Amino acid sequence: MSSSFTRVLRPALRGGRGLATRAATANGLARQAAPRVNVAHRRSASSSSASASAARPLSTTPARRSDAPVDISDIPPTPISHLSEVEAAMAESVSKFAAEVVLPRARDMDEAEAMDPALVEQLFEQGLMGVEIPEEYGGAGMNFTSAIIGIEELARADPSVSVMVDVHNTLCNTAILNYASPALKKKWLPRLATNTVASFCLSEPVSGSDAFALATKATETDAGFKISGGKMWITNSMEADLFIVFANLDPSKGYRGITAFLVEKGTPGFSIAKKEKKLGIRASSTCVLNFDDVEIPKENLLGERGQGYKYAIGLLNEGRIGIAAQMTGLALGAFDNAVRYVWNDRRQFGSLVGEFQGMQHQIAQAYTEIAAARALVYNAARKKEAGEDFVRDAAMAKLYAAQVAGKVSGQAVEWMGGMGFVREGLAEKFFRDSKIGAIYEGTSNIQLNTIAKLLQKEYTN
Ligand SMILES: Cc1cc2nc3c(=O)[nH]c(=O)nc-3n(C[C@H](O)[C@H](O)[C@H](O)COP(=O)(O)OP(=O)(O)OC[C@H]3O[C@@H](n4cnc5c(N)ncnc54)[C@H](O)[C@@H]3O)c2cc1C
């Protein structure tokens, strides 16, 4: 395998605002300048070169939507950080896009508490909104790990942009790919890949961790269904045109009545009631939604009646790997930003502050923890792609990556002293953004519950 396929914790191709920018370092972690390719434009070349490779390492697992196990017995084990050619291209191109297009907007979007619409268009142009959507529907036709890598790279520049891409790809696109009728796929996948943002609407004022206590109801009508109730905390809702809504079609069956529906923006009775003002990821929209007897046609039933809870569990298990990748990228972004400062710019007592051993040990510890978080994330992604049970791995990855993001971004503020605390640079923003990792797509306690439950099952006679 070529050394260019080996992925290390790369230095980013940038510096923070007002800080030194270095494209490469002399410590062996540098990589070649990223090729100027976008995912959308290179997908044909990538897929043909990937299929030409006869003996594939595990890391080249192609996109697959079947639950059937993959026979990997004749594949030699490789380090978890190795990427296929397609994945490496994804990492390089998204890293460059994040550094050149996302990072310069991150501070202003945070202050404005809004996503720049021009950036959303560029995410579509780059192919980042349809990573796993097959090429026949206008998507990039790449694998799950490629999506995870894209989410991580974007979070190094702006975790708000990263979560927009994450929710759209890992929850919404996957919901349509896995459960929609052929007609719905034909209608929505080309749009989701090219111009339509989607939201995933499960949480409500009464149901957060206990998601299936939701109170939104659906009733069957002659023409289709009527949805009544409200959703809360819905990511992407200011930008979205398509809403995947979970409602109970038969409350007498409890959570087994939960069913998934598609609601289009503009449907009478549907409205955004409130946009939340938040601690972090402030450019990402989070809204309260009202469904006031919203009538939708029969065709907008997603999958089967009463299967919504199963779909939500499955989607969130995958989605958690995306949030873990977001948190890993965030930790790396905070690390890059601060370490450049302490090793290049700031001198005290006649030395760069990063030369004091008390600082160096903290930096080394932080880097080790980021590497461990990334290993958990990639391992969970690879297990999912291999068709193995990945539920505990996804929970461990999300739990740990969120902890590392909180710890490292907090330390990064301290390493930069007063410069870390002011809103000129990005250190304080990464710190604020990190908190959400322990909350959405299952709080840290909920991840611990999942891990403990699965462990207990394994250890009980
Ligand atoms: C910015 C943001 C974006 C979001 N985006 C979306 C979205 O796009 N779509 C969507 O559907 N939802 C979304 N959510 C909702 C998110 O998934 C919930 O906030 C999360 O599941 C926690 O629910 P809660 O806020 O009601 O907290 P609660 O469930 O009220 O939890 C409060 C505390 O109690 C603890 N707790 C609860 N139950 C247990 C238990 N059994 N054992 C131990 N501790 C427990 C929790 O860990 C937490 O510390 C978003 C939330 C935020 C803040």
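**Figure 1. Helix 6, residues 182-194, in a predicted model.** Helix 6 has 13 residues and reaches 19 Å from its first C-alpha to its last. That is close to the 18 Å expected at 1.5 Å a residue, where the expected span is 1.5 Å times one less than the number of residues. Helices (H or I, at least four residues) and strands (E, at least two) are DSSP runs, numbered from the N terminus. Helix 6 bends by about 30° at W188, and the proline P190 follows within four residues. The bend is the angle between axes fitted to the seven residues ending at a residue and the seven starting there. W188, L189, L192 and A193 are the buried residues of helix 6. They pack against helix 5 (159-179), strand 1 (197-201) and strand 4 (240-248).

Residues are numbered from 1 along each chain as its sequence is written. This is a predicted model: local features need pLDDT of at least 70, side-chain atom pairs count only at pLDDT 80 or more, and totals for chains, interfaces and linings use all residues.

**Figure 2. L171 in helix 5.** With 23 C-beta neighbours inside 10 Å, L171 counts as buried. A residue is buried if 20 or more other C-beta atoms, placed from the backbone, lie within 10 Å of its own, exposed if 12 or fewer, and partly exposed in between. Not counting residues up to four places away in sequence, L171 touches F200, L315 and G319. Contact requires C-beta atoms, placed from the backbone, within 7 Å. L171 and I244 are 73 residues apart along the chain, yet their C-alpha atoms are separated by 9.3 Å.

**Figure 3. The largest nonpolar core.** This core has 125 residues. A nonpolar core is a set of buried Ala, Val, Leu, Ile, Met, Phe, Trp, Tyr and Cys residues joined through C-beta atoms within 7 Å. I244, F261, A331, V377 and A401 have the most contacts inside the core. Helix 7 (residues 308-345) gives the most to it, with 18 residues. Leaving aside neighbours within four places in sequence, V377 is in contact with I148, I321, A324, A325, T328, A397 and A401.

**Figure 4. The shell around the ligand.** Of the 21 residues around the ligand, S203, G208, S209, T443 and N445 come nearest. A residue is near if its C-beta atom, placed from the backbone, lies within 6 Å. Strand 1, strand 3 (224-235) and helix 12 (444-459) are the elements that give two or more residues to this shell. The shell residues divide into 10 nonpolar, 9 polar and 2 charged.

**Figure 5. Helix 9, residues 391-415.** The end C-alpha atoms of helix 9 are 36 Å apart, which agrees with the 36 Å that its 25 residues should span at 1.5 Å a residue. Of these 25 residues, 20 are buried, so helix 9 is largely enclosed by the rest of the structure. G417 follows helix 9 and has a positive phi, near 60°.

**Figure 6. Positive phi at I281 and F349.** I281 lies in the loop between strand 6 (270-275) and strand 7 (286-297). F349 lies in the loop between strand 9 (347-348) and strand 10 (351-352). I281 counts as buried, with 29 C-beta neighbours inside 10 Å. F349 counts as exposed, with 7.

Conventions
Two residues are in contact if their C-beta atoms, placed from the backbone, lie within 7 Å. Ala, Val, Leu, Ile, Met, Phe, Trp, Tyr, Cys and Pro count as nonpolar, Asp, Glu, Lys and Arg as charged, and the others, Gly among them, as polar.
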